[in-house]
Amino acid sequence: MTVTWQQLRDLKTQEYTEAATAWAEASTRADAARDRISMQMIKSLEEQKGVSAVAARERLKRLDRNFDFIHTECGLIRTTLNSLAHELSEEQVRLKDALDDAAARGYTVHADGSVQYPEGGENSLTKQPVPGGTVKGAARPLLQLNAPPHQLGPQQPSLINPNPHHAVALDIANRLVGAVTAAQEVDSRFTRALNRLKAPDGIEVTDATWADAAGDAEVVRKEAADYLRDTIPEKSSPADRNSWWKGLTEEQRAELLAVYPDVIGNLDGIPVSVRHDANQDNLQMLIGKLSGQDDEKSQTQLAGMRSIDSQLWNQKPTDPPMYLLGIGDQGGGRAIVAFGNPDTSRNVSAYVPGLGTALDAEFARNDLTRARDTAAGARSVDISSAAIVWLGYDAPQLPADKPLDNLAVMSEEHARKGAPAYNQFMAGISATNENADPHVTAVGHSYGSLTVGQAAQLNGGIPGADDIILVGSPGTGAQHADQLGVGKEHVYVGASDHDPVSMLPNKTESQGLLRGAGAGLLTGGIPGALVGGAAGYFIGDAVTDDNQIYFGMDPANKDFGANRFLVDDGPLPVFGGSGLMDAHSNYFNPSKDPDSADNIALIIAGKAHKITTEEHR
């Protein structure tokens with residue numbers, strides 16, 4: 001249907017915004033119902049045993065997901081209607097300006113959009129006034145010789161029609177047609193978008209349903225790009241983002257959360273509770289998206305996301321409450337999970353995992369357990385404590401099929417790339433924490449200690465950090481603890497003497513080992529590789545300092561200058577355990593290494609003076 005200029009002029013865009021408000025209310029009610037189900041009904045059944053209780057919980061979880069989907073879809077409709085009103089209002093203003101211009105000049109605008117203008121100017125032959133006339137505009141006018149005055153310049157006359165009103169009237173007519181044509185295009189686009197925003201048949205919200213919701217969000221993003229996306233200060237500091245969020249109305253926040261849960265959920269400087277809610281929705285959309293893909297990366301990340309989702313649903317009353325502060329499928333995957341609320345806790349730690357870590361089932365099982373155990377330990381010292389696992393970067397991956405290449409993947413590149421992102425996150429923690437002077441601890445395990453070390457050596461250090469803990473570290477890139485920005489007395493190191501990562505050969509030794517092993521393998525097979533590798537190692541060792549490991553000074557060495565706390569050495573690699581890395585994995589485990597776990601908890605809880613120390617290397 002063709003839109004007329006009269007329809008555009010008389011359009012009441014507030015009716016669209018009123019409809020958007022009604023959809024917003026439906027979205028809010030669905031969200032409130034979801035909260036009541038998850039926070040009251042399901043929790044009230046957590047202690048109940050038996051088949052009936054399990055069945056009731058499962059049905060309530062399904063109902064929770066249904067309300068979550070309703071909340072999301074109604075929010076998308078609300079934003080679509082608001083964006084429609086916004087764009088139509090712009091064209092309405094454009095039309096009104098043209099009509100006002102015509103009226104001010106005494107021109108007549110006809111029903112078909114043509115513009116009538118009076119006589120004016122002078123015929124160069126007859127010396128009589130040039131008659132008036134009527135012109136019709138075009139939505140996309142070609143470059144005309146008889147161009148409007150604002151294109152020709154204020155003093156230059158029209159090149160064909162000597163009546164000066166002709167060019168002005170043509171300009172007005174073009175503006176009228178342009179506004180109407182644009183309004184019709186807006187109407188068509190948003191009609192398509194609104195027709196898409198409908199739930200599939202049935203009452204079961206499945207992975208496919210959430211995949212459809214993710215597609216709906218993409219459509220709304222495309223149509224509402226000018227309306228919403230440019231308002232998000234993605235390039236600002238976390239402190240500025242926090243101020244921006246506080247300055248928004250509840251309606252503005254709700255719109256952003258409906259359309260951009262992935263952006264808001266992963267935006268440092270946004271309050272924890274908001275990020276958690278946004279990421280819960282984003283997690284469901286990502287699960288829906290990845291469940292429809294059969295490549296190895298998607299299926300690996302899907303397993304990790306399903307495990308995180310399951311843990312969110314099955315939290316024990318005795319566990320610290322779990323918050324999802326980040327989730328994404330870019331690179332090797334992103335996941336930031338807190339146990340305890342980092343905004344309300346006085347003591348906050350953020351742990352960076354290391355080599356081989358990616359968003360998969362193993363990460364969800366092992367690294368989340370480490371953060372949960374760390375939070376529980378710190379809360380036993382001071383209940384106002386929270387512990388975070390931060391997988392906000394791509395850690396290097398081990399080529400397990402080529403063991404001799406494992407050291408070759410160990411470069412500082414991933415740590416250097418991850419360091420600024422970690423500092424942004426830590427700045428966000430400082431911006432949203434509600435305590436006057438929170439105690440913040442940066443924790444790095446394995447290669448993650450290099451990432452923390454690189455972050456600490458950037459200009460200004462790690463924002464808000466009071467203490468740094470390094471466990472199972474292959475080095476930080478620093479030669480002394482004073483280079484880490486918190487003072488050497490606030491750097492703490494845990495290093496098992498049976499942990500091969502904390503005793504890695506330095507790069508010269510490693511290169512000698514690899515080259516010697518490679519040469520020996522060619523000439524003497526496996527025995528030759530062992531002999532050649534040992535020879536290459538000792539040649540490298542002879543020309544380097546004993547206190548240097550793979551990434552610089554050994555943090556457990558006395559020359560580094562940090563505090564070394566007591567850990568259990570654990571089993572000897574291979575001979576005393578089930579594998580090469582057993583001792584490397586126990587630092588956070590209160591069952592396997594209570595000394596280390598207790599010392600970490602004391603440092604994070606601000607009681608570092610109570611730790612048990614051991615001699616440096």
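The model is predicted. Its mean pLDDT is 87. Of its residues, 86% reach 70 or more. Residues 143–158 fall below 50 in pLDDT. Beyond near neighbours in sequence, that stretch has 20 contacts in the model. A further stretch, residues 528–538, also has pLDDT under 50. Here the model has 17 contacts beyond four places in sequence. Where pLDDT is low, the predicted coordinates should not be read in detail.

Turn next to the cavities. The structure holds two of 30 Å³ or more. The largest cavity has a volume of about 40 Å³. Its lining includes Gly269, Ile270, Val272 and Arg275. Leu325 lines the largest cavity too. So do Phe425, Gly428, Ile429 and Thr432. Two helices, H10 (272–291) and H13 (413–432), each supply at least two residues of this lining. H13 gives the largest share, with four residues. By class, the lining of the largest cavity has five nonpolar, three polar and one charged residues.

The second largest cavity holds about 40 Å³ of space. Ser349, Tyr351, Ala371, Thr374 and Ala387 are among the residues that line the second largest cavity. Its lining also includes Ile388, Val443, Phe588 and Ile604. Strand E6 (347–352), helix H12 (361–381) and strand E7 (385–391) each give two or more residues to this lining. Seven of the lining residues of the second largest cavity are nonpolar and two are polar. None of them is charged.

Now look at the aromatic rings. The whole structure has seven aromatic pairs. One of them joins Phe69 and Trp210. This pair is edge-to-face, with 5.8 Å centre to centre and 90° between the planes. Phe69 lies in helix H3 (residues 51–104), and Trp210 lies in helix H6 (residues 207–223). The pair therefore ties together parts that are 141 residues apart in sequence. Both Phe69 and Trp210 are buried.

Tyr550 and Phe551 form another aromatic pair. It is edge-to-face as well, at 4.9 Å centre to centre and 85° between the planes. Tyr550 and Phe551 are both buried. Elsewhere, Trp390, Tyr393 and Tyr422 make up one aromatic cluster.

Asp35 is found in helix H2 (residues 14–44). Asp35 has a relative accessible area of 36%, so it counts as partly exposed. Asp64 is 29 residues from Asp35 in sequence. In space, the two are 8.1 Å apart, C-alpha to C-alpha.

Lys127 has phi near 65°, a positive value in a residue other than glycine. Lys127 sits in the loop between strand E2 (115–117) and strand E3 (133–135). Is Lys127 buried or exposed? Its relative accessible area is 53%, so Lys127 is exposed.

Ser446 has a positive phi too, near 60°, and is likewise a residue other than glycine. Ser446 lies in the loop between strand E8 (439–445) and helix H14 (447–456). Ser446 is buried, because its relative accessible area is 7% and the cut-off for buried is under 20%.

How values were computed:
Residues are numbered from 1 along each chain as its sequence is written. This is a predicted model: local features need pLDDT of at least 70, side-chain atom pairs count only at pLDDT 80 or more; totals for chains, interfaces and linings use all residues. Side-chain values use heavy atoms; hydrogens and water are left out. Buried means under 20% relative accessible area, exposed over 50%, partly exposed in between (1.4 Å probe, protein chains only). On a 1 Å grid over the protein atoms alone, a cavity is a set of points where a 1.4 Å probe fits but cannot get out, and a pocket is an open set with protein on both sides within 12 Å along at least five of seven lines; lining residues have an atom within 4 Å of a point. Grid points are joined across faces, edges and corners, and a volume is the space filled by probe spheres set on the points. Ala, Val, Leu, Ile, Met, Phe, Trp, Tyr, Cys and Pro count as nonpolar, Asp, Glu, Lys and Arg as charged, and the others, Gly among them, as polar. pLDDT is the predictor's confidence in each residue, from 0 to 100. Contact means heavy atoms within 4.5 Å. Rings of Phe, Tyr and Trp (its six-membered ring) pair if their centres lie within 6.5 Å; planes under 30 degrees apart count as stacked, over 60 as edge-to-face and the rest as tilted.
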